[in-house]
2 protein chains.
Amino acid sequence: MTEMSRNSTQEGGQPGRIGIGLELDATHLKILEVLRENGRISVAALAERVGISRANAYTRFEALRADGAIKRFTAEIDHVRAGLGITALIFVTVRQQMWRQFRAQLAQMPEVEYCAITTGQHDAMIQVRVTDVAAVHTMVTDRLANIPAVKATETVFILDEVLRRPYVLPSDRGAGRSSRRPPADPAAGSARSTGPAGSAGPAGAAGPAGSTGSAGSAGSAGSVGAEVPLGMMRFVGAAEGRAQLQQDV
Amino acid sequence: MTEMSRNSTQEGGQPGRIGIGLELDATHLKILEVLRENGRISVAALAERVGISRANAYTRFEALRADGAIKRFTAEIDHVRAGLGITALIFVTVRQQMWRQFRAQLAQMPEVEYCAITTGQHDAMIQVRVTDVAAVHTMVTDRLANIPAVKATETVFILDEVLRRPYVLPSDRGAGRSSRRPPADPAAGSARSTGPAGSAGPAGAAGPAGSTGSAGSAGSAGSVGAEVPLGMMRFVGAAEGRAQLQQDV
DNA sequence: GTTGAAATTAGTACGAA
DNA sequence: TTCGTACTAATTTCAAC
């Protein structure tokens, strides 16, 4: 509940840009779909695959880039081939009000590929790629341990990466929307999470969903029973005082 | 120790290709470095930035692609702009010998962006992107719960994504290699993990490390103390019988 | 592994539907 | 808005060094 209006105004854009974002129609999504599979495709070929003229493709392509919907283009590489065969996840508990420092230290660690702030038992998850198991150990006990902001860590190794999609698109839904959507029993403290899930970072999405319906149904469909409906499902909310973290980060 | 020789022979390549992989020299890494930041750069411009001739750049570029070091090119998009503002991590405990089924089901779930098999308390971690919190709930209780292979789940929400590098390169090290590398105390049951960390999927890297030294030290430097060296560090090994999982997956 | 020239393709700008 | 065409600039390919 700290900053709900995060993406209803400009936020990540350069000064002067209209941060409200363009409405993505079906054609835009189609373009993204193609670009996700082949980021190096020429705009001419892109136009053909999407079924629009070249001029139109250039316009939309540029619009997506300018709007920030496309953040950048990148090459996906094989980490093993590149010599980084070990991947690990390190779950970090961060000392409150030291997030700024934690983030600064992260930037100094080139082996960190991904870092996300999470709800649940830990505060953050970082993914590292290194040459060998020993490097993980060095990283955790030697580097992370020396950061005052880090209170505790928990490390697991990644044995295999089963699936990696460049990113998910709203248009992907419909393919796997298997069984019926349950009638949605009313208010029940949506996901038991202590609020943050709906108020923090990437949340507050509903914004520019365009043609892809269903956005905005958040308030009407939450239905995580009070004490875990099915057998072994657990939704883990934020730890104590997490709200403060958002400010620092 | 199940299949250490994983990438010393061909493995991911098409039939007929020399799967041994090309040795990556400093120039190759430089190319990857540029491509990571700008996947749409022309080969001509790439050549200039790397400091080699056009023809050379084309040759190396093609070699990296053919070898599989570059898996594909993709566009990075802003999930919030695309209408998927909620990101969650679901940790899954999988019923043994049902991994094949689990993987098949995963392919049916378009909202899954990433799935990795891990050591530790759970067996897999999947990352999903959806429009609202309710969709996470639906996904977990309705879709995942209906997969017999899924024994239990634990869900956390991602509040913010602090850092996302397209990928990490061996050449990145050296920038953050802060303090001294510890003398590496000898055998100590490397990471306490029941073997898998060194034998499974992405492990067994040592292969084509090329100019970047230190690969291959895995066997000699493992040093995760028996019972957690510093204060609150935890290395979480594999659950019981994890070895079997590798076969199925 | 490099340079240079030819052929192709990409990117831009315009008017018309 | 979107399309189609013509123009300009760049990239890729292929040759010889």
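In chain A, β4 (124–130), together with β4 (124–130) of chain B, supplies at least two residues of the lining of the second largest cavity, as does its partner. Helices (H or I, at least four residues) and strands (E, at least two) are DSSP runs, numbered from the N terminus. The model is predicted: local features need pLDDT of at least 70 and side-chain atom pairs count only at pLDDT 80 or more, while totals for chains, interfaces and linings use all residues. Residues are numbered from 1 along each chain as its sequence is written, chains are lettered from A and ligands numbered from 1 in the order in which they are written, and side-chain values use heavy atoms, with hydrogens and water left out.

**Cavities**

A search of the whole structure finds 7 cavities of 30 Å³ or more. A cavity is a set of points, on a 1 Å grid over the protein atoms alone, where a 1.4 Å probe fits but cannot get out; lining residues have an atom within 4 Å of a point. Points are joined across faces, edges and corners, and a volume is the space filled by probe spheres set on the points.

| Cavity | Volume | Lining residues by class |
|---|---|---|
| Largest | about 270 Å³ | 7 nonpolar, 10 polar, 2 charged |

The largest cavity is lined by 19 residues, and the closest to its centre are A:Phe91, A:His122, B:Phe91, B:Gln121 and B:His122. Two or more residues of this lining come from each of β2 (86–94) and β5 (150–164) of chain A and β2 (86–94) and β5 (150–164) of chain B. Residues lining the second largest cavity include A:Tyr114, A:Met125, B:Tyr114 and B:Met125.

**DNA strand D**

Around DNA strand D lie A:Ile52, A:Ser53, A:Arg54, A:Ala55, A:Asn56, A:Arg60, B:Ser42, B:Val43, B:Ala44 and B:Tyr58; a residue is near the strand if one of its heavy atoms lies within 4 Å of it.

The side chain of A:Arg60 places an N or O atom 2.8 Å from one. Backbone N or O atoms are involved at B:Val43, at 3.1 Å, and a polar backbone atom at B:Ala44, at 3.3 Å. α3 (54–67) of chain A and α2 (43–50) of chain B each give two or more residues to this surface, and α3(A) has the largest share, 4 residues.

Note on methods:
A polar contact is a pair of N or O atoms within 3.5 Å; within protein, one must be able to donate a hydrogen and the other to accept it, and residues adjacent in sequence count only if both atoms are side-chain atoms. On a 1 Å grid over the protein atoms alone, a cavity is a set of points where a 1.4 Å probe fits but cannot get out, and a pocket is an open set with protein on both sides within 12 Å along at least five of seven lines; lining residues have an atom within 4 Å of a point. Ala, Val, Leu, Ile, Met, Phe, Trp, Tyr, Cys and Pro count as nonpolar, Asp, Glu, Lys and Arg as charged, and the others, Gly among them, as polar.
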